[in-house]
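Trainee: I would like to learn how to read a model of this kind, one feature at a time. Could you take me through the general idea each time, and then the case at hand?

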Amino acid sequence: MDVKNLVSNDVAWMVEHVNGLYREGKIKGFTVQILQTNGEIITGTCGDISFLEKLGLIEMAKQDIFYEANS
């Protein structure tokens with residue numbers, strides 16, 4: 001499985017990119033954490049992914065954050 005690191009400060013670009021992947025049928029499922037401008041946090045998951053896949057996605061996200069912090 002190829003893993004792509006989509007680091008972007010442009011929220012609109014990320015939303016459009018994910019939407020494009022969805023339209024192409026490339027998304028099995030995903031997890032998301034959103035920090036709103038008022039400080040509230042939204043956490044969600046969707047799609048046909050197992051509990052272990054959800055945990056794997058979270059661990060990959062953590063590794064990406066640690067990698068960026070150490071670079």
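Trainee: What does the secondary structure of the chain come to?

Mentor: Helices (H or I, at least four residues) and strands (E, at least two) are DSSP runs, numbered from the N terminus. Here the secondary structure comes to two helices and two strands, and from the N terminus on the elements run α-β-β-α. Keep in mind that this is a predicted model, in which local features need pLDDT of at least 70 and side-chain atom pairs count only at pLDDT 80 or more, whereas totals for chains, interfaces and linings use all residues. Residues are numbered from 1 along each chain as its sequence is written, and side-chain values use heavy atoms, with hydrogens and water left out.

Trainee: What share of the residues in the chain is buried?

Mentor: A residue is called buried under 20% relative accessible area, exposed over 50%, and partly exposed in between (1.4 Å probe, protein chains only). By that reading, buried residues make up 4% of the 71 residues in the chain.

Trainee: How many salt bridges does the count come to?

Mentor: A salt bridge is a side-chain nitrogen of Lys or Arg within 4 Å of a carboxyl oxygen of Asp or Glu, and by this rule the count comes to three. In one of them, lysine 28 and glutamate 53 meet at 2.8 Å, N to O; this pair links distant parts of the chain, with lysine 28 in the loop between α1 (11-23) and β1 (29-35) and glutamate 53 in helix α2, 25 residues apart. Another joins lysine 62 and glutamate 59 at 3.1 Å, and both of these residues lie in helix α2, three residues apart, about one turn of the helix.

Trainee: Which residues make the nonpolar surface patch?

Mentor: Patches are made of residues with over 30% relative accessible area and no salt bridge, where like charges are joined within 9 Å and nonpolar side chains (Val, Leu, Ile, Met, Phe, Trp, Tyr) within 5 Å. Here Phe51, Leu52, Leu55 and Ile58 make a nonpolar patch of about 430 Å². Of these, leucine 55 is found in helix α2 (residues 51-70) and is partly exposed, with a relative accessible area of 38%.

Technical notes:
Accessible areas come from the Shrake-Rupley method with a 1.4 Å probe; for residues, only the protein chains shown count as cover.
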